[in-house]
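These are my notebook entries on one protein structure. I set down what I looked up, topic by topic.

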Amino acid sequence: PDGHLGQHDDARRPRVLPLRPHHGLISSDPAVYARLPKVQRDESRTQGLDRLELIRFLQIAQTLTVHHGALAYLLGINALRASEAAAVRIEDCADTLRGYRVLHLVGKGNKPATMPLTVPVLRVLEACRGQRTTGPLVLRPLSGKPIDRRDVYRMVTRIAKAAAISRHISPHSLRHAAITNALDAGVPLRDAQILACHADPRTTEHYDRARGNLDRHGVHFLTAYVAGV
């Protein structure tokens, strides 16, 4: 009556049991090596931002504090994960490689990555850095302490509210926006995969909202290439 299971109710629950050899008819369980098929989603279900929403998000973030601005660009342009953005240090942005200021980071699975910092991104990161030369880049605006993953979520929520984006926006929404808008802008899948630091290009494909766009079909580029156009 109270909805709780009795002492012996677990025994009556259906269970998936392995097949066992029966009366010598089979010598072993034929299902031991069976694998369930992977179910691939056609596209990411994350609520991202379109181009105009992303532009507004980045603009509004800079009006709050320099720390909100830097975080917004790290997530929405460089497609960092929440933990990666929180871990960025000033020293990670100090190197120049082949004429580009770059960001060094350790991504998912402890994989190192290096990505260029474009002028708009570098501008907001430098504003956030101020006169500091070492230490965590993005700080809590009030206390000046380093941010953590939870702070990233809170700061993103504040920016979204200030930007009048009513639906739920998370740090991954910004990463999603960076990848989808890059693909919409015509960035090749291979380059978008590098931006996202995805190990498998099929993961990046889930972010492509225009896979059915015949205007961007590869046959057009191949025809022009073969024709020498």
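Against which helices do the buried residues of α8 pack? I found that they pack against α7 and α9 (201-205). The model is predicted, so I note that local features need pLDDT of at least 70 and side-chain atom pairs pLDDT 80 or more, while totals for chains, interfaces and linings use all residues. Residues are numbered from 1 along each chain as its sequence is written, and side-chain values use heavy atoms, with hydrogens and water left out.

**Entry 1: helix α8**

I looked up how the elements are named: helices (H or I, at least four residues) and strands (E, at least two) are DSSP runs, numbered from the N terminus. I then listed the buried residues of α8, which are Ala192, Gln193 and Ala196. They lie on the same side of α8, because they cover an arc of only 105° around the axis; the arc is that of the directions from the helix axis to the C-beta atoms. On the other side of α8, I found Arg190 and Ile194 exposed. For these words I used relative accessible area: buried is under 20%, exposed is over 50%, and partly exposed is in between (1.4 Å probe, protein chains only).

Ala196 belongs to helix α8 (residues 189-196). I recorded Ala196 as buried because its relative accessibility is 0%. Setting aside neighbours within four places in sequence, Ala196 is in contact (heavy atoms within 4.5 Å) with Arg81, Arg175 and Ile179. I also noted that Ala196 and Gly107 are 89 residues apart in sequence, with their C-alpha atoms 9.9 Å apart in space.

Gln193, also a residue of α8, is buried with a relative accessible area of 16%. A polar atom of the Gln193 side chain lies 3.5 Å from the backbone oxygen of Ala199. Apart from neighbours within four places in sequence, Gln193 is in contact with His198, Ala199, Asp200, Pro201 and Thr204.

**Entry 2: the cysteines**

After α8 comes Cys197, whose phi is positive, near 55°. Cys197 is partly exposed, at a relative accessible area of 30%, whereas Cys128 is buried at 4%.

How many disulfides does the structure hold? I found zero. A disulfide is a covalent bond between the sulfur atoms of two cysteines; here it is taken as a pair of cysteine sulfur atoms within 2.5 Å. For Cys128, the closest cysteine sulfur is that of Cys93, and the 9.3 Å between them is too far for a bond.

**Entry 3: the sheet**

In what order do the three strands of the open sheet stand? I read the order as β1-β2-β3, with antiparallel pairing. Because β1 (96-97) and β3 (112-116) stand at the edges, each with a single partner strand, one side of each is left without a neighbour in the sheet. Two strands pair if DSSP finds at least two bridges between them. Two bridges join β1 to strand β2 (residues 100-106) in the antiparallel sense, and Thr96 stands opposite Arg101 in β2.

**Entry 4: Ser170**

Is Ser170 buried or exposed? Ser170 counts as buried, because its relative accessibility is 13%. I located Ser170 in the loop between α6 (149-162) and α7 (171-184). Beyond its neighbours within four places in sequence, Ser170 is in contact with Tyr153 and Val156.

Terms used:
Polar contact = N/O pair within 3.5 Å; in protein donor to acceptor, adjacent residues only side chain to side chain.
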